[in-house]
Amino acid sequence: MIQVVKLNKSYGHHVLFSDVSFSLGKNERIGLVGRNGHGKTTLLRIIAGTETADEGQIIVPQCYRIGYLTQHLNFTKSTVLEEASLGIDVSDETWGNTYNVESILLGLGFSVEEFSKDPRSFSGGFQLRLNLAKLLASKPDLLLLDEPTNYLDILSVRWLVRFLQNWRGEIMLVTHEQEFMNQVSTHIMGIHRAKVRKVKGDTAKYYEQLFKDEEIYEQTRLNQTKKREQTEAFVERFRAKASKARQVQSRLKVLEKTATTAKLEDIKSLEFQFAWTEFPGKWPMELRDVSFSYDRNSPPLFSGVSLSVGKRDRIAVIGRNGKGKTTLLRLLAKELEPTAGEITHSDNLKLGYFGQTNVNRLDLEKTVEEEIVSVVPNSNRGLARSLCAAMMFEGDAALKKIRVLSGGERSRVLIGKILATPCNCLVLDEPTNHLDLESTNSLCTALERFNGAVIMVTHSEMLLHRLASRLVVFDNGDAFVFEGRYVDFLKRIGWRDEQTNANGETEAVSSKSKKLLRQQKAEITTRRNQVLVPLRNEIGKIETEISELEKNEKELLELILQNSQNNNGNKIGELSKNLKNCRDRCQRLYDKLDSKTQELDGLVEKFENELQTLGAK
């Protein structure tokens with residue numbers, strides 16, 4: 001067990017954490033949460049011994065090994081396999097061969113052919129994967145992982161979840177991927193208001209406890225404030241009366257001994273709200289048999305992709321890294337031209353594009369405010385400043401030069417520029433990288449509320465489950481459109497690199513029969529979604545209208561109350577009539593919603609029976 005005792009850490013006047021104590025028990029896997037800049041990475045570095053605390057101590061058992069995932073790249077071997085094998089503990093006989101190292105490399109997305117390549121020949125993302133492989137192969141007692149999924153594709157993330165769930169030892173993990181954290185962690189620990197709180201369970205349980213405690217704190221503070229005000233009023237009223245002198249003195253002593261509970265400071269959050277402009281047509285973009293190759297003399301990166309993008313679609317582009325996902329988004333954003341096929345952009349399309357390379361196009365000598373002003377209509381400086389604040393660049397922080405910002409801060413500037421630009425289609429390439437968990441949830445909510453189309457590359461299964469209604473899947477050299485949600489894809493087709501055996505373990509497979517079955521399932525799924533997608537869209541519109549009517553009902557009730565207080569009878573009558581019409585309309589829509597939902601449930605069951613029949617063959 002590791003004991004952290006009365007730890008303090010500050011940078012100048014900024015206190016990260018104060019008087020922090022906690023323990024890490026045997027086989028505990030702790031998910032560490034908190035806002036960016038609140039000290040998560042610093043705490044990991046202090047435990048790893050790469051940074052020192054101002055005060056306090058960390059008690060570690062003898063011969064206890066701590067492994068920390070570092071971003072520092074220093075390769076000494078000539079091949080990937082040799083470099084990853086450096087992590088093997090030679091004293092552990094069960095790890096005396098390279099089989100386990102090879103399994104880890106395959107799980108993290110390296111191919112067998114790449115085992116013999118020079119580590120320095122790979123991209124930065126794959127070099128960081130190699131660092132992770134070396135760390136996992138070393139089998140430390142405690143794994144310290146700081147954003148391990150940032151450079152992983154969705155299949156590698158899924159593999160890493162299974163690997164860490166079976167880890168025999170302790171883990172402390174920082175990640176913005178909520179589902180990943182919940183799948184791996186046994187406990188959640190948060191750094192909040194310079195203190196730590198540890199809760200057994202998932203992130204939902206942690207935040208539920210946090211909000212409950214803060215609610216109790218605030219209610220206690222208000223009660224104390226009320227009592228103090230009552231006491232002060234009594235003293236002020238009877239101070240001059242001799243008959244009350246003893247009571248006044250008694251209450252003054254009570255006031256002196258009563259500590260004042262400070263009001264909790266508001267914690268700034270990213271505030272996403274994408275500016276939307278109406279799209280009058282039906283299809284903002286269409287792809288017809290699109291193929292692309294960076295070298296026309298080589299096989300295409302992908303081929304035969306056809307897709308019609310609806311004006312309220314939520315399309316996720318998923319698959320292995322290096323297979324063409326980012327390239328497809330660059331084609332949609334007109335940064336590249338297809339090698340074959342055609343991409344049609346509507347004249348009314350207004351695109352908001354967040355690309356991996358776009359961050360590098362920010363002017364290093366401009367300030368945050370100047371970058372935002374450059375895209376704000378009429379160079380409205382007030383609007384630019386409010387957007388800067390929404391992206392957590394308040395006051396003088398908006399005057400920082402781009403060159404002094406971190407990668408995460410530059411990403412926030414780019415998102416701010418997109419927020420400033422009215423659009424009807426968002427094209428986003430891994431937008432949650434560099435965001436903390438709270439900001440990722442905020443972004444997801446904003447995307448759910450956005451009235452236009454969203455096309456997004458992501459490895460976050462939380463975003464996929466919440467947002468995606470259609471998929472473009474890059475898997476094993478193919479790129480195809482799946483008309484359905486991510487849960488349907490996993491259930492009906494799944495990743496061809498994965499198959500669950502009788503022991504619940506996942507292993508690599510490849511067979512013609514599976515490919516044929518996948519094609520048959522895809523045909524049924526496509527036919528199903530041709531029926532279900534329009535019906536779901538209709539249900540969504542009904543729900544939206546109900547929401548607007550309920551909002552209108554609330555406003556009418558408030559107006560009736562105001563006019564009642566002003567004795568405005570004529571206005572009350574008019575408002576009451578409007579309220580009745582609103583409620584009647586709302587009830588009719590609820591009846592229609594119930595009918596359409598029953599129709600949808602029946603159709604879903606029908607198609608599921610078809611798929612189950614196919615699976616039984």
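A: A search of the whole structure turns up seven cavities of 30 Å³ or more. A cavity is a set of points on a 1 Å grid over the protein atoms alone where a 1.4 Å probe fits but cannot get out, and lining residues have an atom within 4 Å of a point. Grid points are joined across faces, edges and corners, and a volume is the space filled by probe spheres set on the points.

Q: Before going on, what kind of model is this?
A: This is a predicted model, in which local features need pLDDT of at least 70, side-chain atom pairs count only at pLDDT 80 or more, and totals for chains, interfaces and linings use all residues. Residues are numbered from 1 along each chain as its sequence is written, and side-chain values use heavy atoms, with hydrogens and water left out.

Q: What volume does the largest cavity have?
A: About 90 Å³.

Q: And which residues line the largest cavity?
A: The lining consists of Leu69, Thr70, Gln71, Leu128, Arg129, Leu132, Glu147, Pro148, Asn150, Tyr151 and Leu152. Six of these lining residues are nonpolar, three polar and two charged. Here Ala, Val, Leu, Ile, Met, Phe, Trp, Tyr, Cys and Pro count as nonpolar, Asp, Glu, Lys and Arg as charged, and the others, Gly among them, as polar.

Q: Where is Glu147 placed?
A: Glu147 is in the loop between strand S6 (142–146) and helix H5 (154–165). Helices (H or I, at least four residues) and strands (E, at least two) are DSSP runs, numbered from the N terminus. Glu147 has a positive phi of about 50° although it is not a glycine.

Q: Is Glu147 buried or exposed?
A: Glu147 counts as buried because its relative accessibility is 19%. Buried means under 20% relative accessible area, exposed over 50%, and partly exposed in between, with a 1.4 Å probe and protein chains only.

Q: Which other non-glycine residue has a positive phi, of about 70°?
A: Met392, with a phi of about 70°. Met392 sits in the loop between helix H11 (381–390) and helix H12 (407–419). At 30% relative accessibility, Met392 counts as partly exposed.

Q: New topic. Which residues touch the most other members in the largest nonpolar core?
A: Phe272, Phe274, Leu426 and Leu447, out of 38 residues in that core. A nonpolar core is a set of buried Ala, Val, Leu, Ile, Met, Phe, Trp, Tyr and Cys residues joined through side-chain atoms within 4.5 Å. H12 supplies the largest share of this core, five residues.

Q: What is Phe272 in contact with?
A: Leaving aside neighbours within four places in sequence, Phe272 is in contact with Met391, Ile415, Leu419, Leu435, Ser439, Ser442, Leu443 and Ala446. Contact means heavy atoms within 4.5 Å.

Q: Last one: where does Leu44 lie?
A: Leu44 lies in helix H1 (residues 40–48) and counts as buried, at 0% relative accessibility.

How values were computed:
1 Å grid on protein atoms, 1.4 Å probe; cavity = no way out; pocket = protein on both sides within 12 Å on 5 of 7 lines; lining within 4 Å.
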